[in-house]
Amino acid sequence: MSHFIAGMLMSLGLGMGLGIGSIMAIRNGTNNSPIHTLVTLMGCNVIDISMMILYYFGLSVVFSYPKIQIILYVVGIIILTKMSFKNIKNAKNVLDLSGNKKKQSLWKSALDGAGSALFPSSLIWWVSTVGTVLVSRTSHLPHFAIACAGILFGFQLCNVAYFIIVALVDKFSSNKIIY
């Protein structure tokens, strides 16, 4: 039980911080509908589960090499720079307050979440934070599985919190309130 609680508390503490996955989820939720927030975060969780499985089989050794981390950081900087220029270019577009939202599919939202979880800085964050909790438990499979369950449960609580926030903002930010 202590492994579950340690994993849950760690993921609650780290999961509520705004990372690239949660920002992507909030953006998808506000641009489409609140359910897209949950779907995007579920896409992130698929990658989290995959990382846990890979971690059990020794992925931590690969990501512990400084050269690998530097490569991931450089790739992340390049991607963030490209995203920044794209956002600056789109900043001159007129803001549409008509309430007409362009919809994207739930599948696209899930892929956005998975993509944000595979972002190089997200991988390094995952290895350096979540991974440290799991490394001490990899020798004993039941403890590892219980810690993984606690981490995933904590992430799901964060997902529900993000969903509630986006749903409330969506509900109370109608055009009547803006004007």
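1. Leu-168 is partly exposed, with a relative accessible area of 44%, where partly exposed lies between buried (under 20% relative accessible area) and exposed (over 50%), using a 1.4 Å probe and protein chains only. This residue sits in helix α8, residues 141-172, and together with Val-160, Ile-164 and Phe-172 it makes a nonpolar surface patch of about 370 Å². Patch members have over 30% relative accessible area and no salt bridge, with nonpolar side chains (Val, Leu, Ile, Met, Phe, Trp, Tyr) joined within 5 Å and like charges within 9 Å; a salt bridge is a side-chain nitrogen of Lys or Arg within 4 Å of a carboxyl oxygen of Asp or Glu.

2. The model is predicted, so local features need pLDDT of at least 70 and side-chain atom pairs count only at 80 or more, while totals for chains, interfaces and linings use all residues. Residues are numbered from 1 along each chain as its sequence is written, and side-chain values use heavy atoms, with hydrogens and water left out.

3. The protein chain averages a pLDDT (the predictor's confidence in each residue, from 0 to 100) of 76, and 83% of the residues score at least 70. Where pLDDT is low, the predicted coordinates should not be read in detail.

4. The chain has 9 helices and 0 strands, taken as DSSP runs numbered from the N terminus (helices H or I, at least four residues; strands E, at least two). Buried residues make up 36% of the 179 residues, and the accessible surface, from the Shrake-Rupley method with a 1.4 Å probe, comes to about 10,700 Å², of which 73% belongs to carbon and sulfur atoms.

5. Helix α8 has 32 residues and reaches 46 Å from its first C-alpha to its last, close to the 46 Å expected, the expected span being 1.5 Å times one less than the number of residues. Its buried residues include Phe-144, Ile-151, Phe-155, Tyr-162 and Val-166. Helix α3, with 22 residues, reaches 32 Å, close to the 32 Å expected, and is followed by Gly-58, whose phi is positive, near 105°.

6. In helix α6 (residues 106-117), the buried residues include Ser-109, Asp-112, Gly-113 and Ser-116, and what covers the buried residues of α6 includes α2 (20-31), α3 and α7 (120-135). Among contacts (heavy atoms within 4.5 Å) in the chain between residues at least 6 apart in sequence, 82% join residues at least 24 apart.
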